[in-house]
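Reader: I'd like a close look at one part of this model rather than a tour of the whole thing. Could you pick a stretch and talk me through what sits where and what touches what?

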Amino acid sequence: MKIEIIIGILWIVYGTLHSALASNEVKNKISFPYYRLAYTILSLVLMIPILYFQLTTPSQLLMPASTANNIFGGLMISLGVYMLFISFKQYDLKAFLGIQAEAPAQLITDGIMSVVRHPLYLSTLVIVWGVFGITGTANNLAMALALTAYIRIGIYFEEKKLVQIFGKTYEKYQKEVPMLIPKL
């Protein structure tokens with residue numbers, strides 16, 4: 001089995017586990033007061049061996065290194081990090097990480113959330129594709145493809161959950177604001 005396929009499968013398994021643990025069904029069954037904090041820590045801990053494997057395993061070069069690739073990939077990574085920063089400013093970061101109790105769910109539709117419904121996912125995609133742009137390796141392409149598929153599928157389930165929580169208000173928001181790609 002090619003290493004790239006293993007890397008893709010590892011990211012898909014990670015994403016599936018990540019989404020399953022974020023589901024209301026799992027949260028309600030476990031009912032642990034520090035669930036969000038444990039979820040955050042587990043997410044980071046599980047990501048480390050995948051990244052280590054991906055980074056330490058030799059990979060085929062698919063695109064030759066070039067100044068243009070480095071500039072464009074670097075700009076993508078910078079834009080993605082900037083979008084993450086802007087996105088996190090709209091969340092209660094302590095509650096998001098699980099350091100303090102989550103407040104009742106609120107639908108945020110202003111700021112970057114008025115441009116795309118899922119700016120954290122968009123940021124992640126821009127970053128991973130920027131990494132591929134700079135490195136041009138098969139391993140990073142496998143990661144970018146797997147995370148793109150996972151994020152698109154994960155959004156489907158997350159949006160079902162958001163419609164359950166916010167009802168018609170969220171359905172209206174879905175019609176007005178694009179999922180991932182801003183209107184030009």
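**A loop and the helices around it**

Author: Methionine 113 lies in the loop between H5 and H6 (helices are DSSP runs of H or I, at least four residues; strands are runs of E, at least two; both are numbered from the N terminus). Bear in mind that this is a predicted model, where local features need pLDDT of at least 70 and side-chain atom pairs 80 or more, while totals for chains, interfaces and linings use all residues. Residues are numbered from 1 along each chain as its sequence is written, and side-chain values use heavy atoms, leaving out hydrogens and water.

Back to that methionine: at 7% relative accessibility, methionine 113 counts as buried (under 20% relative accessible area; over 50% is exposed and in between is partly exposed, with a 1.4 Å probe and protein chains only). Setting aside neighbours within four places in sequence, methionine 113 is in contact with Gln90, Tyr91, Ile108, Pro119, Tyr173 and Val177 (contact means heavy atoms within 4.5 Å). Methionine 179 is 66 residues away from methionine 113 in sequence, yet their C-alphas are 9.7 Å apart in space.

Now follow the chain into H6. Its 17 residues reach 24 Å from first C-alpha to last, close to the 24 Å expected at 1.5 Å a residue (that is, 1.5 Å times one less than the number of residues). Pro119, which touches methionine 113, is one of the buried residues of H6, along with Leu120, Leu122, Ser123, Leu125, Val126, Ile127, Val128, Gly130, Phe132 and Gly133. Those buried residues pack against helix H4 (67-88), H5 and H7. Just after H6 comes glycine 136, with a positive phi of about 65°.

Next up is H7. H6 (residues 119-135) and H7 (residues 138-166) pack at an angle of about 170°, with their axes 9 Å apart. That makes the two helices roughly antiparallel (over 145 degrees; under 35 is roughly parallel, 65 to 115 roughly perpendicular, the rest oblique). On the H6 side, the contact is made by Tyr121, Thr124, Leu125, Val128, Trp129, Val131, Phe132 and Thr135. H7 brings in Asn140, Leu141, Met143, Ala144, Leu145, Leu147, Thr148, Ile151, Ile155 and Glu158. H7 itself has 29 residues and runs 41 Å from its first C-alpha to its last, close to the expected 42 Å. Glycine 167 follows H7, and its phi is positive too, near 60°.

What about charges? A search of the whole structure turns up three salt bridges (a side-chain nitrogen of Lys or Arg within 4 Å of a carboxyl oxygen of Asp or Glu). One of them pairs glutamate 159 with arginine 117, closest N and O atoms 2.7 Å apart. Glutamate 159 sits in H7 and arginine 117 in the loop between H5 (93-97) and H6, so the bridge ties together parts 42 residues apart in sequence. Both partners, glutamate 159 and arginine 117, are buried.

In H8 (residues 168-176), glutamate 171 and lysine 168 are three residues apart, about one helical turn, and they form a salt bridge with closest N and O atoms 3.8 Å apart. Glutamate 171 is partly exposed at 30% relative accessibility, whereas lysine 168 is exposed at 68%. Lysine 172 bridges to glutamate 176, with closest N and O atoms at 2.8 Å; these two also lie in H8, four residues apart. Glutamate 176 is partly exposed, with a relative accessible area of 44%.

Note on methods
Axes are lines fitted to C-alpha atoms, for helices over the stretch in contact, and angles run from 0 to 180 degrees between N-to-C directions.
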